[in-house]
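The sequence and structure follow.

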Amino acid sequence: MFPPGHYGMALALYAVVGYALLSRGYVRDALSGGGIVLSYTLFPDVDGQFEFLVHRGVTHTLWFALAVGTLCVLVVGSSLAKRPRREALRGALWAFFLGNFAVVAHLLADLLNPWGVMPIYPASPALYSLDLVRATNDAANYAMLAVGVGIALLAWSLGRPDDARPTLARRLYRRLRGGETVAE
């Protein structure tokens with residue numbers, strides 16, 4: 001898939017996690033986690049920047065997903081060092097999950113096209129592909145993006161806690177109708 005398809009797949013898959021967090025009141029964690037997953041979901045395509053790496057080689061494996069998860073833990077490690085042990089462990093596990101999740105979402109998107117992925121290469125050269133659509137198909141990529149955005153919005157609207165502040169659009173509408181102020 002191309003970037004729009006990868007973003008759509010990441011949004012669709014993360015919507016489940018986002019919904020679970022939102023429905024328990026962890027709005028900030030749900031949104032920041034989604035942003036991190038979206039920012040890392042194209043990371044496996046870094047292989048196109050280096051001549052010595054084969055596209056869909058080592059960067060398109062579960063081993064790379066584990067490495068990216070570990071990299072995310074290292075990135076937040078300095079801020080976690082000052083926190084209580086239990087909170088630091090939760091933060092490290094969350095960072096590992098997000099980095100790992102982003103790469104797995106990328107692999108699942110690449111699974112849809114004929115080129116597929118070799119998830120445990122070099123331990124096994126087995127290639128997995130659903131052969132549903134070509135990666136170069138713009139319509140499929142943008143359809144995947146639209147589906148991902150739709151599922152993420154559905155998760156947001158269903159999972160958002162009832163006591164959450166009204167959205168900016170709703171506050172502006174109320175102000176225009178003569179209700180409460182925008183600042184709230």
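## Basis and fold

Helices (H or I, at least four residues) and strands (E, at least two) are DSSP runs, numbered from the N terminus. On that basis the elements of the protein chain run α-α-α-α-α-α from the N terminus on, with six helices and zero strands. Along the principal axes, the C-alpha atoms of the protein chain fill a box of roughly 65 × 45 × 25 Å.

This is a predicted model, in which local features need pLDDT of at least 70 and side-chain atom pairs count only at pLDDT 80 or more, while totals for chains, interfaces and linings use all residues. Residues are numbered from 1 along each chain as its sequence is written, and side-chain values use heavy atoms, with hydrogens and water left out.

## Helix packing

Two packed helices are described by the angle between their axes and the distance between the axes. Axes are lines fitted to C-alpha atoms, for helices over the stretch in contact, and angles run from 0 to 180 degrees between N-to-C directions. The axes of helix 1 and helix 2 come within 9 Å and cross at roughly 165°. This makes helix 1 roughly antiparallel to helix 2 (angles under 35 degrees count as roughly parallel, over 145 as roughly antiparallel, 65 to 115 as roughly perpendicular and the rest as oblique). Their crossing is right-handed; a crossing is left-handed if the near helix is turned anticlockwise from the far one by less than a right angle, and right-handed if clockwise. Contact means heavy atoms within 4.5 Å. Residues of helix 1 including Tyr7, Leu11 and Tyr14 meet residues of helix 2, among them Asp29, Ala30 and Gly33. The residues of this contact divide into ten nonpolar, three polar and one charged. Ala, Val, Leu, Ile, Met, Phe, Trp, Tyr, Cys and Pro count as nonpolar, Asp, Glu, Lys and Arg as charged, and the others, Gly among them, as polar.

Helix 3 and helix 4 pack with their axes 7 Å apart, at an angle of about 145°, and this crossing is also right-handed. Their contact includes Phe64, Cys72 and Leu80 of helix 3 and Gly91, Phe96 and Asn100 of helix 4. By class, it has 16 nonpolar, five polar and no charged residues.

## Pockets

On a 1 Å grid over the protein atoms alone, a pocket is an open set of points where a 1.4 Å probe fits, with protein on both sides within 12 Å along at least five of seven lines; lining residues have an atom within 4 Å of a point. Grid points are joined across faces, edges and corners, and a volume is the space filled by probe spheres set on the points.

The largest pocket has a volume of about 650 Å³ and is lined by 20 residues, with Asp29, Leu80, Arg90, Gly91 and Trp94 nearest its centre. Helix 2 (27–40), helix 3 (62–80) and helix 4 (85–110) each give two or more residues to this lining. Its residues divide into eleven nonpolar, four polar and five charged.

The second largest pocket has a volume of about 300 Å³. Of its 18 lining residues, Leu11, Tyr14, Leu31, Ala152 and Trp156 lie nearest its centre. Helix 1 gives the most to this lining, with seven residues. The lining has 15 nonpolar, three polar and no charged residues.

## Backbone exceptions

Most residues other than glycine have a negative phi, and most peptide bonds are trans. The peptide bond from Tyr121 to Pro122 is cis, with omega near 5°. Asp131 is not a glycine, yet has a positive phi of about 50°. Pro122 lies in the loop between helix 4 and helix 5, and Asp131 is in the loop between helix 4 and helix 5 as well.
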